[in-house]
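Biologist: Could you zoom in on one helix for me and walk through how it sits in the model? I'd like the geometry, the neighbours and whatever the backbone does at its end.

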Amino acid sequence: MKEIKVFSGTATKDLAQKIAKDLNMPLGDLDILKFSDGEMQVVLNESVRGAHVFFIQSTFAPGDNIIELLLMIDAAKRASAGYITAVIPYYGYARQDRKDKPRVPISAKLMANIIQAAGVNRVMTMDLHAEQIQGFFDIPVDHLIAEAIFFPYLESEDLSNTIFASPDVGGVKRARAYARKFNKEYVICDKERKKANEVSNIIVIGDVRGKDVILIDDLVDTAGTMTMAADKIIEEGAKSVRAICTHPVLSGPAYERLEKSQISELIVTDTIPLQTKSEKIKVISCSHLFAEAIEYVYEFKSIQSLFNR
C-alpha cells in the first residue's frame, strides 16, 4: 500500500496541523520560498516517490493561495508521487459558478481546470457554494458536508423554542436539512440586491414571533445579508438570532457589522482562519472530519459512511 504524506500551504497551516495531529502523523516538510519580486517556489524536503500525497490549502483571496496549491501539486507530480489529493477546505471562486450576465467568466470552472492541469488526481472540499461545481472536475471530488460537525453541536443544546432560517432563497435546502434533522420549522428571508455585496431589502417569509432563530448558510462574507436578515427577524418579533456558517470569509466591514447586529452568536468552522477575534464568533474545528475523510480515501472506504452515523 502506498505511503501517506500530508503537506500544508500557508493559508490554512493551523487547520492542517490539527488534521495531522488527528491522523497521528507529522506534517510533511516543505518550504515555500518568496522572492523579492513576489514569485514563489515550493521545495519538498522529503521524498514523495510512490506516496499518496495530500496537500491542504484553502483557496480564499489573495491569489497566492491558489498559486501555492498549484506549485505544490506540480512539485509532487514531478517528484513521482503515486497519487495526489488536493484538500481544499474552502474552494475559492465558488460563487462564480455560472454566467449571470454577458461577458463574464465562469471562474469556478476555470479554477477546476487549472487545478486539474497541475496534475492532481483527486479533490476533497467541504460545503461548496453550489454542489454542481463537483461536475466541473473530471476527477473524483469528495464533497464533505459541515452538517457532520454542526449537528452534533446542536444536539447538545436545548432547541425546544428553535426554528431555522435561510438568509436567502438560494440557501433554502440547507435550512430545510437542519429543520428536518431536528423536526423544526424553518423560514426564508427573501433579499433584493442593487449590486454585488449590497442588499437593499429583506422580507421574512414565515412566522418567527417569540422564537429562537438560527440562520443557516454556507459562508459569511461581508455579513451584509446575514446581519440584515437577523435585524429583520428581530424586528418581526423573534426572541433571539444566532447564525451557523461553514466558511468565515468575513471581508470588508464584516466584523463591524457583526458587532452592531442582532446576531448573538456566529458559529463557524476553521476552513478560513479568523482575521480578528470576536466574542460573538465561536469556531468549531473541522479537522477531525477531514482527518477521517483522508483516512477513508487512503483506505478506499466510502466517504458517504461518514455522514450516515
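Biologist: Which residue follows α8, and what is its phi?

Modeller: That's Phe300, with a positive phi near 60°. Some ground rules before the rest: this is a predicted model, where local features need pLDDT of at least 70 and side-chain atom pairs count only at pLDDT 80 or more, while totals for chains, interfaces and linings use all residues. Numbering runs from 1 along each chain as its sequence is written, and side-chain values use heavy atoms, with hydrogens and water left out.

Now the helix itself. Helices are DSSP runs of H or I with at least four residues, strands are runs of E with at least two, and both are numbered from the N terminus. α8 covers residues 287-298. Its 12 residues reach 16 Å from first C-alpha to last, close to the expected 16 Å (1.5 Å times one less than the number of residues).

Most of α8 is covered, with 10 of the 12 residues buried (under 20% relative accessible area with a 1.4 Å probe, protein chains only; exposed is over 50%, partly exposed in between). Among them are Leu289, Glu292, Tyr296 and Tyr298.

The partner to look at is α1, residues 13-22, which packs against α8 at about 55° with the axes 8 Å apart. Axes here are lines fitted to C-alpha atoms over the stretch in contact, and angles run from 0 to 180 degrees between N-to-C directions. That makes the pair oblique, the label left over once under 35 degrees is roughly parallel, over 145 roughly antiparallel and 65 to 115 roughly perpendicular. The crossing is right-handed, i.e. the near helix is turned clockwise from the far one by less than a right angle.

From α1, the contact (heavy atoms within 4.5 Å) uses Leu15, Lys18, Ile19 and Asp22. From α8, Ser287, His288, Phe290, Ala291 and Ile294 join in.

Tyr93 has a positive phi of about 70° without being a glycine; Tyr93 lies in the loop between β5 and α3 and is partly exposed at 42% relative accessibility.
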